[in-house]
Amino acid sequence: MVTVLAIETSCDETAVAIVNKREVYSSFVASQIAVHQQYGGVVPEVASRQHLEVINYAIAQAMEQAKLGWQDIDGIAATCSPGLVGALLVGLTVAKTLAMLHEKPLIGVHHLEGHICATYLSELDLQPPFLSLLVSGGHTSLIHVQDYGVYQTLGETRDDAAGEAFDKVARLLGLGYPGGPMIDKVAKQGNPNAFSLPEGRVSLPNNGGFHRYDASFSGLKTAVLRLVQQFQQKGEEVPVADIAASFQETVARSLTKRTINCALDYGLNKIAIGGGVAANSSLRSHLQTAVNKNNLQVFFPPLKYCTDNAAMIGCAASQHLFLGNTSPLTLGVNSRLSLTKVMELYQ
Ligand code: KG4
Ligand code: ZN
């Protein structure tokens with residue numbers, strides 16, 4: 001019996017879901033985007049307070065949607081790393097309280113393991129090993145999923161994460177927050193080949209603690225800034241749609257190349273995509289074309305499971321509970337725990 005109530009509060013979504021292995025009984029997400037929009041980005045203290053205000057309602061909604069009682073729940077899960085410390089604390093403390101109150105086991109979940117597991121919710125037969133490309137506001141990671149709970153990081157970002165680059169470029173173009181969906185929308189009216197932008201090549205040697213498939217977006221971001229400044233200095237109107245389309249095209253091309261090279265080098269023929277940027281239409285079409293050419297397979301989770309949600313956290317937790325992995329009630333939050341250390345969350 002592995003029906004889990006899972007809580008996700010690592011950033012700006014307050015989410016609660018009830019999941020049994022790969023089956024989602026309910027999934028409730030309250031986004032704080034409207035609250036943070038006025039500041040142009042997530043304000044950590046505001047995020048924690050919002051989580052506190054919404055969490056009880058979110059739990060009640062998830063229970064009601066699933067039409068379950070506490071006797072039907074076998075474990076309580078919460079994201080405990082990585083993320084904003086205050087925000088994580090709200091979810092984990094609530095989970096511990098529920099676990100004690102209802103005498104259920106606690107399962108702490110690594111947020112990135114949740115993003116990897118999002119693919120399982122729509123690919124019911126997918127089993128490790130496979131390659132996971134995680135592209136979110138905080139991460140650009142290529143992960144070799146060797147088995148459940150066993151991960152090897154093959155690439156990360158050396159500066160901005162993919163989503164962060166989208167958000168910063170959107171701000172530069174005056175498109176507002178969050179930038180990814182805005183750029184995706186505006187780019188549809190633009191020419192992706194209007195401007196040639198640097199893909200951000202990273203030297204490959206596996207030294208200095210770097211990974212071979214690392215990404216870097218700072219050069220690309222600076223190039224977009226220069227481009228915008230050139231138009232402004234000339235007193236010309238900034239071609240927002242063309243710049244957005246060219247930027248998006250460059251990110252999609254660079255992520256696709258890196259991912260395909262990594263999959264081929266490691267002999268992994270299945271690729272799962274996760275994280276908010278996995279919703280990007282250009283990245284999806286570039287990857288699809290490239291996997292078709294190389295006889296590989298790519299899996300995209302439905303959009304609602306790409307961005308932060310608790311169903312993916314519940315899926316990871318349910319699998320851990322199935323394997324007998326539970327967390328001590330002394331478990332703490334951690335703003336940055338490596339995915340390779342995920343088993344340290346369990347006793
Ligand atoms: O996974 P996520 O919801 O939260 C984190 O764990 O960070 O990812 C949020 C990021 C934001 O940077 C947002 O701009 C980006 O995902 N994003 C997108 C799209 N939808 C969301 N980026 C590009 N294209 C999109 N359609
Ligand atoms: Zn996330």
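This is a predicted model: local features need pLDDT of at least 70, side-chain atom pairs count only at pLDDT 80 or more; totals for chains, interfaces and linings use all residues.
Domain bounds here come from an automatic or database domain assignment.

Entry: I found domain 1 at 3–116 + 306–345 and domain 2 at 128–300. Taken over C-alpha atoms, the centres of domain 1 and domain 2 are 27 Å apart.

**Entry: who takes part.** I then asked myself how many residues each domain brings to the contact. Domain 1 brings 21 residues, and domain 2 brings 20 residues.

**Entry: buried area.** Next I looked up the area buried between domain 1 and domain 2, which is about 1700 Å². Carbon and sulfur atoms give 68% of that area.

**Entry: polar links.** I looked for salt bridges between domain 1 and domain 2, and the count is zero. Polar contacts do turn up: I noted five residue pairs between the two domains, with both residues at pLDDT 80 or more.

**Entry: the domain 1 side.** I turned to the helices on the side of domain 1 that touches domain 2. Helix H1 (33–37) and helix H4 (111–117) each supply at least two residues there. H4 gives the most to this side, with four residues. Last, I sorted the residues of this side of domain 1 by type: ten are nonpolar, eight are polar and three are charged.

Note on methods
Residues are numbered from 1 along each chain as its sequence is written. Chains are lettered from A and ligands numbered from 1 in the order in which they are written. Side-chain values use heavy atoms; hydrogens and water are left out. Contact means heavy atoms within 4.5 Å. Buried area is the accessible area (1.4 Å probe) that two parts lose on being put together, summed over both. A salt bridge is a side-chain nitrogen of Lys or Arg within 4 Å of a carboxyl oxygen of Asp or Glu. A polar contact is a pair of N or O atoms within 3.5 Å; within protein, one must be able to donate a hydrogen and the other to accept it, and residues adjacent in sequence count only if both atoms are side-chain atoms. Ala, Val, Leu, Ile, Met, Phe, Trp, Tyr, Cys and Pro count as nonpolar, Asp, Glu, Lys and Arg as charged, and the others, Gly among them, as polar.
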